[in-house]
Amino acid sequence: MTTLPSISRRKHYRTIPGEPSEPTSTLVLTSPRGYYVDIRINKSPQPSSDPSTFDGKLQWAFAGTKTSIEKDGRTISTWHHPIDSLSDDPKPDVGEMTELENGDVLEKGEIIDENTGAVTHYEELWQELRTHFWSQDSWRKCVVLKTVEEDKECMGMAIRCGSFSQGILRRKEGVTVEQWDFVCGEHAGSYERLVRLGEGEMPCEGLLMGGLAEMEEGEGPNPSPTSFVSADRELYVLFSGPLMHVE
């Protein structure tokens, strides 16, 4: 069975027994091999002295690999995120995933309460998005670029799924986050950068409009200040219905 790329928007978050809410715009792009980039932008900037939040605009951004197993009739997913805007040594996250009748996915897990240090249960509700349905070959792709220097002082990942592209780059100088999508106008549309935080150079635009989406595994743009190389590239049909693999 082929694993498909995923474009997921979070609909709400809550800690039990609190009420569900969604204070962020959260989008996760995941490739067939489990590479992912998760970007969470505060809808209203939250006051913060931490420079990694960009004056409270960024709640969290992280990237890595996702794995899932079936256990006792349940789907257990684990997210490793070595590239993390909030931590130099992040621990994996684990959640139980349940698909609901309407196609949404309910994630349940445990976190450590930052204020009390106690274990707290949480829920996140996810909606699978469909990319734009125009039959352009350029929208039938899922591509991953990543970079890691030997000393890990520079780590980054960028993913394109259909018309979406986003990435995170973490260097000793700071974090850079970008997010792009195709924005429809009355008669036409164009790719637009929706989020840009930080000073690093990112390949997100090139994944959509340049030749980066054509690189084979192990290839990289030349020259490239951060040496991103292709980690996962497949051709898919992405449209308004389910995502289907092209054999």
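**A pocket and an aromatic cluster**

Strands S11 (164–171) and S12 (174–184) each supply at least two residues of the lining of the second largest pocket; strands here are DSSP runs of E with at least two residues, numbered from the N terminus. Keep in mind that this is a predicted model, where local features need pLDDT of at least 70, side-chain atom pairs count only at pLDDT 80 or more, and totals for chains, interfaces and linings use all residues. Residues are numbered from 1 along each chain as its sequence is written, and side-chain values use heavy atoms, leaving out hydrogens and water.

Back to the pocket (on a 1 Å grid over the protein atoms alone, an open set of points where a 1.4 Å probe fits, with protein on both sides within 12 Å along at least five of seven lines; lining residues have an atom within 4 Å of a point). The second largest pocket has 23 lining residues, and Arg 170, Arg 171, Lys 172, Gly 174 and Val 175 lie nearest its centre. S12 gives the most to this lining, with three residues.

Now for the rings. Tyr 36 and Phe 62 form an edge-to-face pair, 6.0 Å centre to centre with 80° between the planes (rings pair if their centres lie within 6.5 Å; planes under 30 degrees apart are stacked, over 60 edge-to-face, the rest tilted). Tyr 36 sits in strand S3 and Phe 62 in strand S4, so the pair ties together parts 26 residues apart in sequence. Trp 60 and Phe 62 have ring centres 4.1 Å apart and planes at 40°, so that pair is tilted. Tyr 36, Trp 60 and Phe 62 form one aromatic cluster.

Note on methods: Helices (H or I, at least four residues) and strands (E, at least two) are DSSP runs, numbered from the N terminus.
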